[in-house]
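Here is a short briefing for a first look. Keep the sequence and the model side by side as you read.

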Amino acid sequence: MISITVLALVFGVVFLAELPDKTALAGLVLGTRYRASYVFAGVAAAFLLHVTLAVAAGSVLTLLPQRIVHALTGVLFLGGAAMLLLKKDDDEEEVRRPGDQSFWKVAGTGFMLILVAEFGDLTQIMTANLAARYDNPLSVGLGAVLGLWAVAALGIVGGKALMKRVPLALITKIAAVLMTGLGVWSLYEAVAG
């Protein structure tokens, strides 16, 4: 059964954590060079695969005692918040242009770029943590996929406009505060539980 609360929380956390990431920039670069719908199809498929793997990993963690899961997710959330605050801004990555503009070439380029760039990324680890934390794989998976797809769509269609209006540093700080809150809450539950 889908929990709207869990879905909304996961969407918000993943969306904010992914906005300052290289994916938005990669989507922006690809979106300026190729047909947006082709780019989105490839990027969306790669994110779906990443979320499926992350939710499966997080679901395995639910087999552990609840206190251990809370402590582990708390530490990982705090580590993720620290990573957000301490990471250096990456320059725009060069994207190799496919020889033609066919759907399969463009979607394949988007798919491979995201598949490689996002493997083991902060949002994939966060998704696994959230799946372990809430033991609702469908809600977590749907929230994470929708959050990642929203960032990809923003990056592909209007990344430059968003970054001009909302400072990247502010988005990063909001995501870090949310992750810190989730980390502290999880550690509290591990100790109090």
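Buried means under 20% relative accessible area, exposed means over 50%, and partly exposed is in between (1.4 Å probe, protein chains only). This is a predicted model: local features need pLDDT of at least 70, side-chain atom pairs count only at pLDDT 80 or more, and totals for chains, interfaces and linings use all residues. Residues are numbered from 1 along each chain as its sequence is written, and side-chain values use heavy atoms, with hydrogens and water left out.

- Ile-4 lies in helix 1 (residues 4-18); helices are DSSP runs of H or I with at least four residues, numbered from the N terminus.
- Ile-4 is exposed, because its relative accessible area is 62%.
- The axes of helix 1 and helix 6 (residues 122-134) come within 10 Å and cross at roughly 160°.
- Helix 1 is therefore roughly antiparallel to helix 6 (angles over 145 degrees count as such).

**Surface patch**
- Ile-2, Ile-4, Leu-138, Leu-142 and Leu-146 form a nonpolar patch on the surface.
- Such a patch joins nonpolar side chains (Val, Leu, Ile, Met, Phe, Trp, Tyr) within 5 Å, from residues with over 30% relative accessible area and no salt bridge (a side-chain nitrogen of Lys or Arg within 4 Å of a carboxyl oxygen of Asp or Glu).
- Together the five have about 440 Å² of accessible area, by the Shrake-Rupley method with a 1.4 Å probe.
- Helix 7 (residues 137-165) gives the largest share of the nonpolar patch, three residues.

**Gly-108**
- Gly-108 sits in helix 5 (residues 103-118).
- Gly-108 is partly exposed, because its relative accessible area is 28%.
- Gly-108 and Val-43 are 65 residues apart in sequence and 8.6 Å apart in space, C-alpha to C-alpha.

Definitions and conventions. Patches are made of residues with over 30% relative accessible area and no salt bridge: like charges are joined within 9 Å, nonpolar side chains (Val, Leu, Ile, Met, Phe, Trp, Tyr) within 5 Å. Helices (H or I, at least four residues) and strands (E, at least two) are DSSP runs, numbered from the N terminus. Axes are lines fitted to C-alpha atoms, for helices over the stretch in contact, and angles run from 0 to 180 degrees between N-to-C directions. Angles under 35 degrees count as roughly parallel, over 145 as roughly antiparallel, 65 to 115 as roughly perpendicular and the rest as oblique.
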